[in-house]
Amino acid sequence: MFLWFHKLGSPPHFYRIAGKWIPWLSSIFLVLLLAGLYGGLIEAPPDYQQGDSYRIIFVHVPAAWMSLFIYVAMAFCGAVIIIWRMKLAEVVLISSAPIGASFTFLALATGSLWGKPMWGTYWVWDARLTSELILLFLYLGVIGLHNAIDDKRVASRAVAILTLVGVVNIPIIHYSVEWWHSLHQGATVTKFDKPSIHWSMLIPLLLMALAFQVYYVLALFQKCRVELLQRERNSKWVEEL
Amino acid sequence: MMEFLQMGGYAVFVWPSYALAALVLWLNWYLPRKQHEKELRQLRRRYKAEQK
Amino acid sequence: MSQRLSLAQAFVFLLRRDLLLAMRNRAEYAMPLLFFVLVITLFPLALGALPELLARIAPGIIWVAALLAAMLSLDSIFRSDFDDGSLEQILLSAHPVAVLVLAKVSAHWLVTGLPLLLVAPLLAEMLGMPATAQPILLLTILIGTPILSLIGAIGVALTVGLRKGGIILSLLVLPLYVPVLIFAASATENAAMGFEVSAQIYMLLAFLFLSLSLSPWATAAALRMSAS
């Protein structure tokens, strides 16, 4: 088991294995996506307060969860990069960044579209929205810094440090709705007691969240393969492809 | 069907949200794939040139 | 240079060296301060100088200006050392780089952050900030500007080797500055309206201690990477 994991860390093996997994992940993703969309758009009843507009939740919340999850994954890679200088961690970190930034943007945009009919405004400078916006800037900063440094191994270390410094933002985002009175609604799913959301809405939500998770891995593998090719273009295993 | 598309009057908010999601998901899949193919093409050209 | 200096002596040496350099280049170090004053004076000019409006937004204006001035001044922490090779000397020394970094950041704060403290009361008065808020403003500047120097140092260390480092530096550092801005401005506003400020002050102190303990290490790591 450990040996398999060790092998996975080597670029040529990862390249191959990721390539094999991508079609499977795509199928799983599509199944989850369709199930989630069906459950959310067709099966689930309209909310008695919000009517049909609440259905934005099925993309907004999974996107927001992914935006946080991906950054934490990147921070984890950052720690691995600084401690062990593992090449694969470098590739995973930088490949995750655009995906994380996209989800952050999506969370902000869909939240904005949901906010207008429900709470009367596209934007408000409360703690959660502002800290999510900062998260977007952090992602963009990571991408920008990595681009600016020519030597990619050095760039990865720089970006690792930046990611780790920015990780303090994540708990701020998550707990912001508890710490500050906010326009954004409080936690309904990630509470430790019974979630205060009806199961007919919870199930599609979880399905979509899972779909987005699988998508992340799928898109990540895709991007990692490209990144590996670019970084290792002078090495033997690339020649042999 | 019309009722579904109307989304209780909120269509102008709900459907763009889903459209944005679809766009984001598609781009993060499509752009790396195109990059990948480009990389492979460039590499093949390079090795052909080196063989000579 | 003798390696037989103790850590404390090395710290003091580096601190005094940077302060001396700053004294000799007084013009260069006065510029961020001037920028601070200039930016603040732009607002009454642009917004029509209504006293109630200015008094209301004074805390925010002063703090945004402080942020921008801090960012402008950051380059001076490591740039000249990078250019003339003394950065490598610092990295090669037998002493922990994090402590030496702390010396440089302290010098930076003394030269750029502390003057803000002296000028701020005057500007606050000019903007019509209520007298009740001014001590809190000074307190937030006292606690906040070291945080700006400490966090800024990480950003500079990450970008000192880059050609267009200045722009990227601003983009990297501003998101990290935002929490300081939020709490400092909020504390001052609350003080102006007569509300409680202890929560915000405690948060600022927490940030200060967090950055004091962690940022020198992050900066040292970033410097090693930049100089390689």
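## Helix packing in chain A and the A–C contact

In this predicted model, helix α4 (residues 87–119) of chain A packs against α8(A) at an angle of about 125°, and their axes are 9 Å apart. How does α4(A) lie relative to α8(A): parallel, antiparallel, perpendicular or oblique? Angles over 145 degrees count as roughly antiparallel, and those from 65 to 115 as roughly perpendicular. The angle here is about 125°, which makes α4(A) oblique to α8(A). The crossing of α4(A) past α8(A) is right-handed.

The residues of this contact can be named. On the α4(A) side they are Val91(A), Val92(A), Ile94(A), Ser95(A), Ser96(A) and Ile99(A). Facing them in α8(A) are Tyr216(A), Ala219(A), Leu220(A), Lys223(A), Cys224(A), Glu227(A) and Leu228(A). By class, the contact of α4(A) with α8(A) holds 9 nonpolar, 2 polar and 2 charged residues.

Helix α8 (residues 199–231) of chain A also packs against helix α2 (residues 11–43) of chain A. Their axes come within 7 Å and cross at roughly 155°. The cut-off for roughly antiparallel is over 145 degrees, so α2(A) and α8(A) are roughly antiparallel to each other. The crossing of α2(A) past α8(A) is left-handed. Its contact residues comprise 24 nonpolar, 7 polar and 2 charged.

| Helix pair | Crossing angle | Axes | Hand |
|---|---|---|---|
| α4(A) and α8(A) | about 125° | 9 Å apart | right-handed |
| α2(A) and α8(A) | roughly 155° | within 7 Å | left-handed |

Next comes the contact between chains. Here 15 residues of chain C are in contact with 16 residues of chain A. Which helices of chain C each supply at least two residues of the side that touches chain A? They are α7, α8 (165–193) and α9 (198–227) of chain C. α8(C) gives the largest share of that side, 6 residues. The side of chain C that touches chain A divides into 13 nonpolar residues, 1 polar and 1 charged.

Confidence comes last. The predictor gives the complex an ipTM of 0.84 and a pTM of 0.81. Chain C has a mean pLDDT of 86, with 98% of its residues at 70 or more. Which element of chain C has the highest mean pLDDT, and which the lowest? Helix α7 (residues 134–159) of chain C has the highest, 92. Helix α4 (residues 79–84) of chain C has the lowest, 80. Helix α7 of chain C is also one of the helices that supply the side touching chain A.

Notes: Residues are numbered from 1 along each chain as its sequence is written. Chains are lettered from A and ligands numbered from 1 in the order in which they are written. This is a predicted model: local features need pLDDT of at least 70, side-chain atom pairs count only at pLDDT 80 or more; totals for chains, interfaces and linings use all residues. pLDDT is the predictor's confidence in each residue, from 0 to 100. Helices (H or I, at least four residues) and strands (E, at least two) are DSSP runs, numbered from the N terminus. Axes are lines fitted to C-alpha atoms, for helices over the stretch in contact, and angles run from 0 to 180 degrees between N-to-C directions. Angles under 35 degrees count as roughly parallel, over 145 as roughly antiparallel, 65 to 115 as roughly perpendicular and the rest as oblique. A crossing is left-handed if the near helix is turned anticlockwise from the far one by less than a right angle, and right-handed if clockwise. Ala, Val, Leu, Ile, Met, Phe, Trp, Tyr, Cys and Pro count as nonpolar, Asp, Glu, Lys and Arg as charged, and the others, Gly among them, as polar. Two residues are in contact if their C-beta atoms, placed from the backbone, lie within 7 Å.
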